[in-house]
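Hi everyone, thanks for making the time. I'd like to walk you through one model today, going from a single residue out to a chain interface. Here it is on the screen.

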Protein chains: 4
Amino acid sequence: MLRFLTAGESHGPALTAILEGMPAGLPLSAHDLANDLARRQTSYGAGGRMKIEQDEARILAGVMADQTTGAPIALLIENKDYAKWRDKEIEPMTTPRPGHADLTGAVKYGYRDLRVALERASARETAARVAVGSVCRVLLAQFGVQIGSYVTAIGGVEADQARLDALSFSDRFALAEGNDLRCPDLEVLEAMRKRVWDCMQARDTVGGVFEVAVLGLPPGLGSHVHFDRRLGGRLLGAVGSIHAIKGVEIGHAFENAAKYGTEVHDEIFTDEDGRLVRKTNRSGGL
Amino acid sequence: MLRFLTAGESHGPALTAILEGMPAGLPLSAHDLANDLARRQTSYGAGGRMKIEQDEARILAGVMADQTTGAPIALLIENKDYAKWRDKEIEPMTTPRPGHADLTGAVKYGYRDLRVALERASARETAARVAVGSVCRVLLAQFGVQIGSYVTAIGGVEADQARLDALSFSDRFALAEGNDLRCPDLEVLEAMRKRVWDCMQARDTVGGVFEVAVLGLPPGLGSHVHFDRRLGGRLLGAVGSIHAIKGVEIGHAFENAAKYGTEVHDEIFTDEDGRLVRKTNRSGGL
Amino acid sequence: MLRFLTAGESHGPALTAILEGMPAGLPLSAHDLANDLARRQTSYGAGGRMKIEQDEARILAGVMADQTTGAPIALLIENKDYAKWRDKEIEPMTTPRPGHADLTGAVKYGYRDLRVALERASARETAARVAVGSVCRVLLAQFGVQIGSYVTAIGGVEADQARLDALSFSDRFALAEGNDLRCPDLEVLEAMRKRVWDCMQARDTVGGVFEVAVLGLPPGLGSHVHFDRRLGGRLLGAVGSIHAIKGVEIGHAFENAAKYGTEVHDEIFTDEDGRLVRKTNRSGGL
Amino acid sequence: MLRFLTAGESHGPALTAILEGMPAGLPLSAHDLANDLARRQTSYGAGGRMKIEQDEARILAGVMADQTTGAPIALLIENKDYAKWRDKEIEPMTTPRPGHADLTGAVKYGYRDLRVALERASARETAARVAVGSVCRVLLAQFGVQIGSYVTAIGGVEADQARLDALSFSDRFALAEGNDLRCPDLEVLEAMRKRVWDCMQARDTVGGVFEVAVLGLPPGLGSHVHFDRRLGGRLLGAVGSIHAIKGVEIGHAFENAAKYGTEVHDEIFTDEDGRLVRKTNRSGGL
């Protein structure tokens, strides 16, 4: 069993995480986490905060001689502008913003200053989760499992499905890494960038859609035997726990809901070597 | 902390569930579960199995003198056709069906007969979960919380959003209870029914979309303080653990993803009594 | 991860348990549980209730063709005298007994009739746990692991340590199975039986001490990496959750507390084949 | 639900802990943890390491303006001699010590250098748990609950039960705080100190016994309704997870096991105000 806890406020001294249950003998150093932490901070239109931080995670425990020991792994990401904030006199915040935990947090925990909710509810918390996920990614890589993601729509500007379909997942990952909108369909980049720019000028925000793909996963993770072992629910729950995520689908589920079962299942064939194979990936691989 | 386990195979002697953590003093009897179990079995186009069962749950523990005692609640739903199946000679099943746990289950657990996976992976398991949910519904009703659901699309035939918007949630629930497609937009019923009928003639299946609404919930359930306390993720995870569910959204999330933030948030106003209120419900209430 | 829930009242219709996480392919039938359930009911001086029941567990789920399937295992033990109690008019119980959950249960859950606490707090609940443990014992037996226990003291009448030390654990188990006091030191049986008899005449009860030994266990269960993975704590917690257990020690811990470290550790030697061995078992093997 | 994880090696950069689930609004600062951390380090005969450290815990998260916020509390205790160890060339350790995790850890996790097991298995880990417990103690103090402990025996030198019985628990706590053996029976201090000294001269160790008492606890914590909610088992499990603890009893359980039930129960009386009271504390208060 793998489990983790995170802690840390947006303008506190540091974010921390403890990841318990990682096996021993996995090569791991702080360098392995740098890429993912940097990716979290690169994006067109991101707030100034993102640029300031340049997060670095220190591994405080669970790793000796660049190998995991099986003991809990402690990760620490200092908030580099903490010193600046620590001694500032900050006005209490009293007007709750919609779409944030300001109001609910204050009601639930009895905060007088809404800033107390904001400090922990901030998406900055995900930096700790990115660090934890990065360790898990190193473990999965040992088994040839690769996880990637890319943006397919921003504020209604959508990548072209046909152009996406022409690309392998690895290519989509690579192309997404190459631009600050993280979109593999290069032909819509300009329109996406304009959409974000217009939005920033209007001091507004826009939603978007991204896809996550896992390659090289063996079958049999999760299980049908009990509701809380089902992979579908666990994935939806995990992704849905990220700030600003309001919907998750496996494959093009909402589109598929309008179709016949025979159009959305992935038929099982026997290949020439007698192995069972599927020629399609309509239902997201679960 | 509420927790539960379910057990039972589709053609075994019974489904069982144990629900631990329910408070004492809640009025509860088997009658309270009958409605929800019956609803699970009523639907246009459902398999013959559904009609045979007419599920009844017995409460074997945790309730004395029609009140919960705080002790674990044991629920038992007998499979009425078990006797018939028990002595039957059944051919082992060797061809896995796509979209089912047949193949993965066999690979993971080493089954030779795919029927072993099917027996537990069957959606019949949800009868046990419906019974558990029904007990929880009785608890929530004590606090004035009401949960309902209704179908908004079947195989591409969609309820009209404007007609839905003209109905209160309570009315939608009531209208949905009144027909075997569980759709509150009566004007599309005929088209939906035809879609299902055509599909049955073609020995195929169709997907669909349904909405769940919870009324009367106080703010502050869930929390921003830790990723696994966030209500969004927990709801997505719970709903996503149900068979055949491949996507979940809070509000019209995928539609909202194309919009500006100002178009999808629910602004907070002060009413004449100085209370904070919202006049819209665009983002699903979370 | 193995987990289980139990339910059931002392005079309710049945005790049930669901055990989730058992691997597939383990040969298992209701007969495998009979021995352990019977042992729970055989003891000199036990109440009349014990004799009436002759518990039998039915396996309602998780086993097909006498093999576990990996699905949750549901166990049902009917209370044979339920029919008799169901329709009886029973006086509410209003005087709490010391050493029972009567008072605390009533305070915590708001019971007016103390019998409600008693019904679940009764040691009869352990029948469900015995059935669960019995399934686990079948699993462990596949790996050559054997668990046994025996009584070493009743009401101050103690088995002789030197005579015990002269017996292998297997012999102690076998001798204990052979008498209704479950004591392997046959020379104290008479005195123990007299102690129990005197106590019954005085309408009193007596305490006692028993030892549990696990044979054939591979090293490395539990772990030093996190407090809640430590085997010592987990064993103490599990045994301590049984009714009437007020103290647990690993080896003769309380006796050892008066000794030097060098007297209680088990020195590690290299045997002629170069394997690491221990020649003593002073600290209970952990 | 309160939960926590700890991390950290004995000679690594720091020990950390994250405590999740603490309510908001509790006054808390690093000073509150200093006493308990210091107490862990003061004892006659302790290793030199203890004296070096003078542990200080920093609170990195979960507290703002000296009040808990409901967010996870992150605690960091730096290992002050880390810098010294970091660059040292240390011989791998290849001879396992009995009574430690050296051998089992290496077998389980595949360590070549036994020092890897030792680093996490070290009792230094308890410093993180002391810090976590210290936060919980502050919470309990709000409800008037006081926890204390004292030594009653070291290497066979025992405090006199009659002298202990003459002291209130508060007095025992206070007396124990006053000496480096933490024993409230001042008349045995000399003998205890001599025992430890002799033992140190012989380069050996000795065991001991200590008692923990909780004052002011309301009834109804824990529950009879499910095995893993029972307070007895949870306390035994928690205490048993501490290094070097091999036995735990509630009250004088092992002594009581030789007695009649009527001698060890605590009879329930009605006082003049009609309240239920107990005049004895024979069975440890559970």
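Let's begin with A:Ser10, which is buried, at a relative accessible area of 5%. By buried I mean under 20% relative accessible area, with exposed being over 50% and partly exposed in between, using a 1.4 Å probe and protein chains only. A:Ser10 sits in the loop between β1 (3–7) and β2 of chain A. Its side chain and that of A:Ser122 are joined by a polar contact of 3.5 Å. For a polar contact I take a pair of N or O atoms within 3.5 Å; within protein, one must be able to donate a hydrogen and the other to accept it, and residues adjacent in sequence count only if both atoms are side-chain atoms.

Before going on, the ground rules. This is a predicted model, where local features need pLDDT of at least 70 and side-chain atom pairs count only at pLDDT 80 or more, while totals for chains, interfaces and linings use all residues. Residues are numbered from 1 along each chain as its sequence is written, chains are lettered from A and ligands numbered from 1 in the order in which they are written, and side-chain values use heavy atoms, with hydrogens and water left out.

Now the strands of chain A. Helices (H or I, at least four residues) and strands (E, at least two) are DSSP runs, numbered from the N terminus, and two strands pair if DSSP finds at least two bridges between them. Look at β7, residues 73–78 of chain A: 5 of its 6 residues are buried. Strand β2 (residues 14–20) pairs with β7(A) in the antiparallel sense over 6 bridges, and there A:Leu19 stands opposite A:Ile73. Strand β4 (residues 57–61) of chain A is also antiparallel to β7(A), over 4 bridges, with A:Arg58 as the bridge partner of A:Leu76.

Chain A also has an open sheet of 3 strands in the order β9-β8-β10, with antiparallel pairing. Its edge strands, each pairing on one side only, are β9 (157–158) and β10 (208–215). Strand β8 (residues 146–154) of chain A meets β10(A) over 8 bridges, and A:Ala153 faces A:Val209 across that pairing.

Over in chain C, 3 strands form an open antiparallel sheet, ordered β9-β8-β10. There, 8 bridges join β8 (residues 146–154) to β10(C), and C:Val151 has C:Phe210 as its bridge partner.

So how much area do chain D and chain C bury between them? About 5,600 Å², 61% of it on carbon and sulfur atoms; buried area here is the accessible area (1.4 Å probe) that two parts lose on being put together, summed over both. In chain D, the residues losing the most area to chain C are D:His224, D:Phe227 and D:Lys246, together 14% of what that side buries. Counting contact as heavy atoms within 4.5 Å, 69 residues of chain D touch 69 residues of chain C.

On the polar side, the rule finds 33 residue pairs in polar contact across this interface, both at pLDDT 80 or more. Helix α4 (residues 102–109) gives the most to the chain D side, with 6 residues.

Finally, strand β11 (residues 247–249) of chain C pairs with β11 (residues 247–249) of chain D, antiparallel over 3 bridges. In that pairing, C:Val248 stands opposite D:Val248. Thanks, and I'm happy to take questions!
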